[in-house]
Amino acid sequence: MLPYFLIYFFLTINTLIANAAKNNAVKKIFLFLSVIIISSLYYFRDPVIGTDTKFYVMFFDIIKDLNFSEYHDFSQNYGLEYFFVLFSGGLLLLGDNNIVLFLYAFFIYYFVFKSFYLSKLNFVFLALGLFSFFSLYFWGFNILRQCLALSLVICGSIFLIKGNKIKFAIYISLGSLFHLTAIFCFFFYFIYRYRIFLFKNIIYLNLIFLIFLISSFKVFDLIGSGYSFYINEAENVSPFGWLTMFLYFFICCFSMVVANKNQYFFDSGSFFSIILSLFVSYNVFLNILGFSNQGLNRMGFYFLWPVIFIIPMIFDSITNGKNKILYGMILYIIYTLYFIYTVNLLSDDMIPFVWKN
């Protein structure tokens, strides 16, 4: 696991420099270097490791031998988005499978770090959140298409907060071209627009959301046969255990307390808190039932990402110049400990590191 820890260390240094830089051009340079650093292991890691990556490599091997006219039939036969097949065919012109994996990773983290830059929050805690509280870095080795879609959803949502509705719609639409489930994130617009009302009635919102989940259990059937198999992929419980869910529940509740007392946090933090509360409520519901499935678990990723913005926002809201460094060091230790916990928690077949041949 040493390569993951090295990436974590170098990312810390890089984002610290980006934080300290006064010039926006310098910030962008170091954030861009962070994208390169965090994407590098996708090139050097053996692609056969992981739950889904080995299948993407198989798809790439098939796609490189196809004619353009065969892309559509291939996408239909394997339940893949046509644009993903088309885009992969273009990337394969640039190099082998590891090059393609690296380029996909680059695009994932480019859009994620673009959202970090737009948010103007602490870059260190935003970046390290990808290794701990929102483990996109490890999921990205496996659910490649959805992680790219998710990165576009995150970036689009930050544009929405900044008041750019057109870019929000464009980014969500682009995300759905890689993983059609991203199309459900258009309703984030209504969450943001009516966030004050929804925040005040958040308990009722979560009850309605749970009723929707129960009544629309086969919602994946609505967006194509390529996703319907997720409904039958039953698992014993939610992949998020009770300890992890308690942590998310605590973060969610604490963010609501801060939002009620701090206008700076409430303006956009309430939007993040509402989305995270939906994630917490239905995962608690699934744990109580002792049942889950691939469809619901994968949809959950679209509701968990706000946690990486909530924690830095809380940090900025409750700290000042006198205690910011001390609290920052304490928070960094918490991030690091949770990163170590995450590495040990995830299954051995998901994130072990083996160098490519």
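The chat below goes through the structure shown above.

Q: Okay, what am I looking at, and how are the residues numbered?
A: This is a predicted model, where local features need pLDDT of at least 70, side-chain atom pairs count only at pLDDT 80 or more, and totals for chains, interfaces and linings use all residues. Residues are numbered from 1 along each chain as its sequence is written, and side-chain values use heavy atoms, with hydrogens and water left out.

Q: How many helices and strands are in the protein chain?
A: The protein chain has 19 helices and two strands. Those are DSSP runs, numbered from the N terminus: helices are H or I with at least four residues, strands are E with at least two.

Q: And how much of the chain counts as buried?
A: Of its 357 residues, 56% are buried. Buried means under 20% relative accessible area, exposed means over 50%, and partly exposed is in between, using a 1.4 Å probe and protein chains only.

Q: What about the inside? Which residues touch the most other members of the largest nonpolar core?
A: Those are Tyr-109, Leu-130, Phe-134, Tyr-137 and Trp-305, in a core of 120 residues. Helix 6 (residues 97-119) gives the most to this core, with 15 residues. A nonpolar core is a set of buried Ala, Val, Leu, Ile, Met, Phe, Trp, Tyr and Cys residues joined through side-chain atoms within 4.5 Å.

Q: Let's zoom in on Phe-134. What is Phe-134 in contact with?
A: Leaving aside neighbours within four places in sequence, its contacts include Trp-139, Leu-150, Phe-301 and Trp-305. Contact here means heavy atoms within 4.5 Å.

Q: Switching to the outside: which elements give two or more residues to the nonpolar patch on the surface?
A: The patch has about 1,100 Å² of accessible area together, and Met-1, Phe-5, Ile-13 and Leu-337 are among its residues. The elements giving two or more residues are helix 1 (2-20) and helix 19 (324-345). Helix 1 has the largest share, eight residues. Such patches take residues with over 30% relative accessible area and no salt bridge, joining nonpolar side chains (Val, Leu, Ile, Met, Phe, Trp, Tyr) within 5 Å and like charges within 9 Å. Accessible areas come from the Shrake-Rupley method with a 1.4 Å probe, and for residues only the protein chains shown count as cover.

Q: Where is Ile-13, then?
A: Ile-13 sits in helix 1, and Ile-13 is partly exposed at 36% relative accessible area.

Q: And Thr-12, buried or exposed?
A: Thr-12 is also found in helix 1, but with 7% relative accessibility Thr-12 counts as buried. Its side chain makes a polar contact of 3.1 Å with that of Tyr-332. A polar contact is a pair of N or O atoms within 3.5 Å; within protein, one must be able to donate a hydrogen and the other to accept it, and residues adjacent in sequence count only if both atoms are side-chain atoms.

Q: Last topic: how many salt bridges are there?
A: The structure holds three. A salt bridge is a side-chain nitrogen of Lys or Arg within 4 Å of a carboxyl oxygen of Asp or Glu. Lys-64 pairs with Asp-61 at 3.5 Å, Glu-81 with Arg-145 at 2.4 Å, and Asp-316 with Lys-324 at 3.4 Å.

Q: What does the Glu-81 and Arg-145 pair tie together?
A: Glu-81 lies in the loop between helix 4 (71-78) and helix 5 (82-91) and Arg-145 in helix 9 (residues 144-161), so the pair ties together parts 64 residues apart in sequence. Both Glu-81 and Arg-145 are buried.
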